[in-house]
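Please read them with the structure open.

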2 protein chains.
Amino acid sequence: MAAPSSEAERQRDKERTRADILEVATREFADKGYTGARVDEIAARTSTTKRMIYYYFGGKEQLYLAVLERSYAAIRTLESQLDVEHLEPEEALRELAALTFDHHEAHPDFIRLVSIENIHHAEHLKQSAILAGLADPALGGLTRILQRGRAAGRFRADADPLDIHMLISSFCVFRLANRHTFQAIFSRDMLDPARRKHYREMLGDLVVGYLTAL
Amino acid sequence: MAAPSSEAERQRDKERTRADILEVATREFADKGYTGARVDEIAARTSTTKRMIYYYFGGKEQLYLAVLERSYAAIRTLESQLDVEHLEPEEALRELAALTFDHHEAHPDFIRLVSIENIHHAEHLKQSAILAGLADPALGGLTRILQRGRAAGRFRADADPLDIHMLISSFCVFRLANRHTFQAIFSRDMLDPARRKHYREMLGDLVVGYLTAL
DNA sequence: ATTAATGTACGAACTAGTGAGTTCACAGTA
DNA sequence: TACTGTGAACTCACTAGTTCGTACATTAAT
């Protein structure tokens with residue numbers, strides 16, 4: 001009975017309320033942008049009230065920051081899912097690219113938040129405490145693969161890990177971030193499941209092709 | 001004196017007023033997004049008043065649509081700048097990619113408007129009258145180059161013009177659209193003039209590498 | 001004189017944020 | 001066991017400020 005989380009009849013639960021707000025706010029901000037998002041609307045969709053948003057987060061901007069940080073935190077786990085030391089450099093690279101491809105596809109809200117944050121010149125991300133921890137997870141595994149490929153004389157010598165990361169990101173991000181204008185103009189849905197495999201392999205060919213060409 | 005555009009002492013000039021409003025509105029919308037943009041702010045930065053915005057454009061949304069259409073119209077001129085029939089397919093492709101690269105770099109406002117429009121699910125672009133005229137200019141030259149390359153047995157047979165266009169766009173767009181978060185995380189400015197040549201060539205290698213690999 | 005173009009002042013609706021009070025769980029105390 | 005003080009979690013109604021849009025007045029051109 002003294003258990004902190006007993007069971008069903010819970011009305012007052014700090015963590016649950018915070019998580020509820022964050023969940024709803026993520027969708028609202030990703031959907032409408034920072035300025036377009038309405039605090040009242042977020043409140044209405046939670047099981048709590050607007051006053052609680054201010055009670056727990058302080059204000060609209062701090063809530064947005066919390067949403068942004070939570071979304072970025074998820075991508076840091078990508079590195080840990082990468083186990084490619086036993087693969088040939090080319091295959092390891094394809095594996096890494098595919099992993100990124102899958103992660104982006106699985107987190108459209110995150111991509112939208114990144115777009116929104118760029119509209120705002122990344123001013124919120126810049127002041128975030130988690131910023132420092134984002135670069136290494138994204139580049140660690142990639143750097144090791146490139147070193148192996150270079151040492152084996154199979155990758156071009158002037159390849160920079162950050163450039164390759166940018167290349168992979170641009171392909172994966174564009175597919176989600178520019179989906180709507182692309183579809184409007186060319187009548188092709190880049191997220192059509194029927195084309196998923198094609199794009200996933202195209203990205204691998206692209207990266208390996210660039211590194212092994214010449 | 002009957003000349004429609006006489007000279008300096010012009011206070012009443014339909015075209016000039018419209019153009020002035022469009023110019024200022026483009027910057028405001030590109031900078032703040034649709035919801036973030038303020039009609040009063042746009043009016044303040046023109047040499048005219050808010051009343052004129054409603055007089056000429058009808059409202060905030062129609063003004064945004066006019067801004068969007070004007071920006072998209074500019075990209076339709078790209079096709080006409082392409083004269084690569086005399087070049088080998090590989091070089092023609094590099095030329096096309098470089099041209100796109102340059103155009104995107106020269107029109108950051110356009111890229112931002114596209115991002116913003118995607119946040120809004122391209123709902124404004126979809127209802128635009130110019131939509132139908134956008135696909136062909138983007139793909140015409142590219143399709144011809146790919147045909148030549150394939151006919152000569154130098155490009156892979158399964159290459160789709162729209163996929164290649166997407167590849168080129170993703171690289172060029174990412175460099176501008178995600179500049180700020182990328183710089184915040186990796187401390188690298190993708191628009192640094194010192195790296196411009198490198199990226200421009202990287203894109204060419206990328207496209208040619210993908211088409212000629214295997 | 002009539003009409004097109006322009007400027008000013010204002011209002012209705014919306015929006016972020018807050019003031020003030022309430023409910024609940026629980027620990028200490030008699 | 002019953003009572004009570006306390007603080008965290010919560011609700012409701014409100015305010016101060018903003019924002020799009022417009023009614024009305026005015027000026028210039030034909």
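**Notes on the predicted model**

1. In helix α5(A), A:Pro89, A:Ala92, A:Leu93, A:Arg94, A:Leu96, A:Ala97, A:Thr100, A:Phe101 and A:His104 are buried. A residue is called buried if 20 or more other C-beta atoms lie within 10 Å of its own, exposed if 12 or fewer, and partly exposed in between, with C-beta atoms placed from the backbone. Helices (H or I, at least four residues) and strands (E, at least two) are DSSP runs, numbered from the N terminus. The buried residues of α5(A) pack against α6 (108–119), α8 (135–151), α9 (161–177) and α11 (193–212) of chain A.

2. On conventions: the model is predicted, local features need pLDDT of at least 70, side-chain atom pairs count only at pLDDT 80 or more, and totals for chains, interfaces and linings use all residues. Residues are numbered from 1 along each chain as its sequence is written, while chains are lettered from A and ligands numbered from 1 in the order in which they are written.

3. The length of α5 (residues 89–106) of chain A agrees with expectation, because 18 residues at 1.5 Å a residue should span 26 Å and the end C-alpha atoms are 26 Å apart. The expected span is 1.5 Å times one less than the number of residues.

4. Chain A has eleven helices and zero strands. Its C-alpha atoms fill a box of roughly 65 × 50 × 35 Å, taken along the principal axes. Of the 214 residues in chain A, 36% are buried. Among contacts in chain A with a separation of 6 or more, 69% join residues 24 or more positions apart. Two residues are in contact if their C-beta atoms, placed from the backbone, lie within 7 Å.

5. Chain A is superposed on chain B by a rotation of 180° with 0.0 Å of shift along its axis, at RMSD 0.1 Å. The two copies are therefore related as by a two-fold rotation axis. The same surface serves both, as 100% of the contact residues of chain A recur in chain B. The superposition is by least squares on the C-alpha atoms of residues with pLDDT of at least 70 in both copies.

6. The contact between the chains takes 40 residues from chain A and 40 residues from chain B. On the side of chain A that touches chain B, the elements giving two or more residues are α1, α6, α7 (123–126), α9, α10 (179–186) and α11 of chain A. The largest share, nine residues, comes from α9(A). By class, that side divides into 21 nonpolar, twelve polar and seven charged residues. Here Ala, Val, Leu, Ile, Met, Phe, Trp, Tyr, Cys and Pro count as nonpolar, Asp, Glu, Lys and Arg as charged, and the others, Gly among them, as polar.

7. The largest nonpolar core has 105 residues, and those with the most contacts inside it are A:Leu206, A:Val207, B:Leu206 and B:Val207. Such a core is a set of buried Ala, Val, Leu, Ile, Met, Phe, Trp, Tyr and Cys residues joined through C-beta atoms within 7 Å. Neighbours within four places in sequence aside, A:Leu206 is in contact with A:Phe171, B:Leu167, B:Leu206 and B:Tyr210.

8. In α10 (residues 179–186) of chain B, the buried residues are B:His180, B:Thr181, B:Phe182, B:Ala184 and B:Ile185. Their cover includes α6, α7 and α8 of chain A. Just after α10(B), B:Ser187 takes a positive phi of about 55°.

9. The surface near DNA strand C has four nonpolar, four polar and eleven charged residues.

10. DNA strand D is surrounded by 20 residues, the closest being A:Lys14, A:Thr17, A:Arg51, B:Val39 and B:Lys60. The largest share of the surface near DNA strand D, four residues, comes from α3(A). By class, this surface has four nonpolar, five polar and eleven charged residues.

11. A:Tyr56 lies in helix α3 of chain A and counts as partly exposed, because 16 C-beta neighbours lie inside 10 Å. Residues up to four places away in sequence not counted, A:Tyr56 touches A:Thr17, A:Arg18 and A:Ile21.

Methods:
Near = placed C-beta within 6 Å.
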